[in-house]
Amino acid sequence: MTDHLHIITGGPGSGKSSLVGALAAEGFAHMPEAGRAIIQDQQAIGGHALPWDDRAAFAELMLGWELRSHREARAMAGPVIFDRGVPDVIGYLRLCDLPVPDHVRRAGELFRYNPTVFIAPYWAEIFTQDAERRQEPAEAEATFHAMRQAYAELGYDLIELPRGPLAMRVDFVRRHVG
């Protein structure tokens, strides 16, 4: 049973990680985003599995991360909040105009989450770039649409997170998660 696994997805810079962090501070179990950690690790070791170097290798590392996170979270009691999930890898590959390998598609079909997924819309007012987030605003918005499509195609119901103060977003998720 995976109904206790709740995804928050969307484009970069839309407040997902801040929301997950605030929910974690309230005591929710959570799984961190793969992308930022992978980028930091690859930069530390001089690796090439980076979104600006080898996007396919980066996607494979993200898939491995998400599969491990899913496996760990299944054993946890109560709601677990994910900062992205397996379907994000599908959305990422499509965003990059890369083929979605059969094993990635299969992972999206087999490793399921709660049927309702929270999606953070592109939000120009809070979008910023940093050492790991190099996307331009247009790519951030395109990522939102790619994630929406990937999750919808896998049969998830998407609830768009409201734009507003963090406390309001936390309350919104809390009311839906229980």
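Phenylalanine 58 and tyrosine 92 are both buried in this predicted model. Four aromatic pairs are present in the structure, and these two residues form one of them. Their ring centres lie 5.5 Å apart with the planes at 70°, so the pair is classed as edge-to-face. The pair joins distant parts of the chain, with phenylalanine 58 in helix H3 and tyrosine 92 in helix H4, 34 residues apart.

The axes of H3 (residues 55–74) and H4 (residues 86–95) come within 8 Å and cross at roughly 170°. Because angles over 145 degrees count as roughly antiparallel, H3 is roughly antiparallel to H4. On the H3 side the contact is made by Arg55, Phe58, Ala59, Met62, Leu63, Glu66 and Leu67; on the H4 side it is made by Val86, Val89, Tyr92 and Leu93. Sorted by class, the residues of this contact comprise nine nonpolar, no polar and two charged ones. Phe58 and Tyr92, the members of the aromatic pair, are among the contact residues.

The rings of phenylalanine 118 and phenylalanine 172 have centres 6.4 Å apart and planes at 75°, which is why the pair is assigned as edge-to-face.

Strand E4 (residues 116–120) has four of its five residues buried, so the strand is largely enclosed by the rest of the structure. E4 pairs with two strands, E1 and E5. With E1 (residues 5–10) the pairing is parallel and extends over three bridges; threonine 9 stands opposite isoleucine 119 of E4. With E5 (residues 157–160) the pairing is again in the parallel sense, over four bridges, and valine 117 stands opposite leucine 158 of E5. In a regular strand, side chains alternate between the two faces of the sheet.

The segment before E1 contains aspartate 3. The C-alpha atom of aspartate 3 is separated by 7.1 Å from that of proline 115, although the two residues are 112 positions apart along the chain. Apart from neighbours within four places in sequence, aspartate 3 is in contact with Asn114 and Pro115. Aspartate 3 is partly exposed, with a relative accessible area of 38%.

Arginine 84 has a phi of about 85° although it is not a glycine, and is placed in the loop between strand E3 (80–83) and H4. Its relative accessible area of 10% means that arginine 84 is buried. Aspartate 97, also a residue other than glycine, has a positive phi near 55°. Aspartate 97 lies in the loop between H4 and helix H5 (102–110). In contrast to the buried arginine 84, aspartate 97 is exposed, with a relative accessible area of 71%.

Definitions and conventions. Residues are numbered from 1 along each chain as its sequence is written. This is a predicted model: local features need pLDDT of at least 70, side-chain atom pairs count only at pLDDT 80 or more; totals for chains, interfaces and linings use all residues. Side-chain values use heavy atoms; hydrogens and water are left out. Axes are lines fitted to C-alpha atoms, for helices over the stretch in contact, and angles run from 0 to 180 degrees between N-to-C directions. Angles under 35 degrees count as roughly parallel, over 145 as roughly antiparallel, 65 to 115 as roughly perpendicular and the rest as oblique. Contact means heavy atoms within 4.5 Å. Ala, Val, Leu, Ile, Met, Phe, Trp, Tyr, Cys and Pro count as nonpolar, Asp, Glu, Lys and Arg as charged, and the others, Gly among them, as polar. Buried means under 20% relative accessible area, exposed over 50%, partly exposed in between (1.4 Å probe, protein chains only). Two strands pair if DSSP finds at least two bridges between them. Rings of Phe, Tyr and Trp (its six-membered ring) pair if their centres lie within 6.5 Å; planes under 30 degrees apart count as stacked, over 60 as edge-to-face and the rest as tilted.
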